Amino acid sequence: DLGTDPTEARQEKCMDLIGGIASSISQWACCLQMTSCCVGCCARDGEGAQACSAEGRRASRTCWSIARTLYSGMWAIKIIAIGCMSGQMTHEDRHGMQLPTKNAPSCMKMELDDTLAKDKHYDFLL
């Protein structure tokens, strides 16, 4: 067992988070679809009920679309992680050393370089 690389750990956390959100949205979509079907079947003559049923189906389709997009994003994350890890392995193979790893930043702060802002072409930065 080689242990878990920091890149793998971040990728797994990201996948767990997005997967949980996508799963919840899929469950909501299923509930909306079933509810709108029941409303449409039980209250066939009610004008408001039919409109409610139609809106429920529309909301369900939207939830399915969001969940599908999240699941597609999960595949993209896997592909990017594979590329990053392959690049790291290639670097280690060529140079015989590990790349320094850092934890993912929780917050980043940008600071303006005063020498850049003093240049006449960057007056808007002041």
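Helices α1 and α2 (47-95) each supply at least two residues of the lining of the largest pocket. Helices are DSSP runs of H or I, at least four residues long, and strands are runs of E, at least two, numbered from the N terminus. The model is predicted: local features need a pLDDT of at least 70, side-chain atom pairs count only at pLDDT 80 or more, and totals for chains, interfaces and linings use all residues. Residues are numbered from 1 along each chain as its sequence is written, and side-chain values use heavy atoms, with hydrogens and water left out.

The protein chain contains 3 helices and 0 strands. From the N terminus, the order of elements is α-α-α. Of its 126 residues, 18% count as buried (under 20% relative accessible area; exposed is over 50%, partly exposed in between, with a 1.4 Å probe and protein chains only). Contacts (heavy atoms within 4.5 Å) were also sorted by sequence separation. Among those with a separation of 6 or more, 66% join residues 24 or more positions apart.

The average pLDDT (the predictor's confidence in each residue, from 0 to 100) is 79, and 75% of the residues score at least 70. Helix α1 (residues 6-42) has the highest mean, at 90, and helix α3 (residues 114-118) the lowest, at 51. Over residues 119-126 the pLDDT stays under 50, and the model has 7 contacts beyond four places in sequence for this stretch. Where pLDDT is low, predicted coordinates should not be read in detail.

The largest pocket has a volume of about 160 Å³. A pocket is an open set of points on a 1 Å grid where a 1.4 Å probe fits, with protein on both sides within 12 Å along at least five of seven lines; lining residues have an atom within 4 Å of a point. The volume is the space filled by probe spheres set on the points. Thr7, Arg10, Gln11, Cys14, Ile77, Ile80, Ala81 and Cys84 form the lining. It divides into 5 nonpolar, 2 polar and 1 charged residue. Here Ala, Val, Leu, Ile, Met, Phe, Trp, Tyr, Cys and Pro count as nonpolar, Asp, Glu, Lys and Arg as charged, and the others as polar.

Helix α2 has 49 residues. From first C-alpha to last, α2 reaches 72 Å, close to the 72 Å expected at 1.5 Å a residue (1.5 Å times one less than the number of residues). Its buried residues are Ala49, Ser53, Gly56, Ser60, Cys63, Ala67, Met74, Ile77, Ala81 and Gln88. These buried residues pack against α1. Just after α2, Gly96 takes a positive phi of about 65°.

Several α1 residues were examined in turn. Ser26 lies in α1. Ser26 counts as buried because its relative accessible area is 14%. Leaving aside residues up to four places away in sequence, Ser26 touches Trp64, Ala67 and Tyr71.

Val39 is also placed in α1. With a relative accessible area of 26%, Val39 is partly exposed. Val39 touches Ala49 and Ser53, again not counting residues up to four places away in sequence. Val39 and Ala51 are 12 residues apart along the chain, and their C-alpha atoms are separated by 9.8 Å.

At 45% relative accessibility, Cys41 counts as partly exposed. Cys41 and Ser53 are 12 residues apart in sequence and 9.0 Å apart in space, C-alpha to C-alpha.
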